[in-house]
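Take a look at the model below.

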Amino acid sequence: MAAARIGQDRYPEIMGKFYIINAPWAFSAVWSMIKGWLDEVTVNKIDIIGTAYKDKLLAQIPAENLPKEFGGSCECADGCSLSDAGPWEDRQQEQEQAQEKTGEEKTEASVDGEATAPPA
């Protein structure tokens, strides 16, 4: 319980919402005992739902971002759970293209036999 206390006291806003879907009845019973030891704010962020989870997830997550297997419309090429899709991809692609371009400039300079300093 010390780890839970440290997490909820020092990192209170790391978790926005946590859904546990298709939870068996035994899990819900254990949760009802454990949640008394946790902070009320943390407990309110955790939602245990059974098989009728689709509407609850779609109320929180846009359908295009929710994997199809959970009721959404997202179908990533390698599966959504293994996908690294997100806004950071555009920035990463820009950096890779800039590195490739810098590498091409270096190659062209060495073919011409000129010594050039790398771009700053």
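The paragraphs below go from the overall layout to single residues.

This is a predicted model, where local features need a pLDDT of at least 70, side-chain atom pairs count only at pLDDT 80 or more, and totals for chains, interfaces and linings use all residues. Residues are numbered from 1 along each chain as its sequence is written, and side-chain values use heavy atoms, with hydrogens and water left out.

Start with confidence. The pLDDT is the predictor's confidence in each residue, from 0 to 100. Its average over the protein chain is 78, and 71% of the residues score at least 70. Helix α1 (residues 2-10) has the lowest confidence, with a mean of 67. Helix α4 (residues 54-60) has the highest, at 90.

Next, the layout. The protein chain has 5 helices and 2 strands. Helices (H or I, at least four residues) and strands (E, at least two) are DSSP runs, numbered from the N terminus. Read from that end, the order is α-β-α-α-β-α-α. Contact means heavy atoms within 4.5 Å. Take the contacts between residues at least 6 apart in sequence: 51% of them join residues at least 24 apart.

Now the interior. Buried means under 20% relative accessible area, exposed over 50%, and partly exposed in between (1.4 Å probe, protein chains only). Of the 120 residues in the protein chain, 16% are buried. In soluble globular proteins, nonpolar side chains tend to be buried together. A nonpolar core is a set of buried Ala, Val, Leu, Ile, Met, Phe, Trp, Tyr and Cys residues joined through side-chain atoms within 4.5 Å. The largest one here has 6 residues: Ile-20, Ala-23, Trp-31, Leu-38, Val-43 and Ile-46. Apart from it lies another core of 5 residues, including Tyr-19, Ile-49, Tyr-53 and Leu-66. Ala-23 also contacts Ile-48, Ile-49 and Gly-50, leaving aside neighbours within four places in sequence.

Which residues does Asp-47 touch, not counting those up to four places away in sequence? They are Lys-17, Phe-18, Tyr-19, Ile-20 and Lys-56. Asp-47 sits in strand β2 (residues 46-49). Asp-47 counts as buried because its relative accessible area is 15%.

Met-15 lies in the loop between α1 and β1 (18-21). Its relative accessible area is 25%, so Met-15 is partly exposed. Beyond residues up to four places away in sequence, Met-15 touches Thr-42, Lys-45 and Ile-46. Met-15 and Lys-45 are 30 residues apart along the chain, with their C-alpha atoms separated by 7.6 Å.

Check the backbone at Asn-22. This residue is in the loop between β1 and α2 (25-34). Most residues other than glycine have a negative phi. Asn-22 is not a glycine, yet its phi is positive, at about 55 degrees. Asn-22 is partly exposed, at 44% relative accessibility.

Is Asp-55 buried or exposed? Asp-55 is exposed, because its relative accessibility is 66%. Asp-55 belongs to helix α4. Its C-alpha atom is 8.2 Å from that of Gly-71, which is 16 residues away along the chain.

Last, a pocket. On a 1 Å grid over the protein atoms alone, a pocket is an open set of points where a 1.4 Å probe fits, with protein on both sides within 12 Å along at least five of seven lines; lining residues have an atom within 4 Å of a point. The second largest pocket has a volume of about 160 Å³. Its lining includes Phe-70, Cys-74, Cys-76 and Cys-80. Glu-64, Glu-69 and Asp-84 are among the lining residues too.

Terms used:
Grid points are joined across faces, edges and corners, and a volume is the space filled by probe spheres set on the points.
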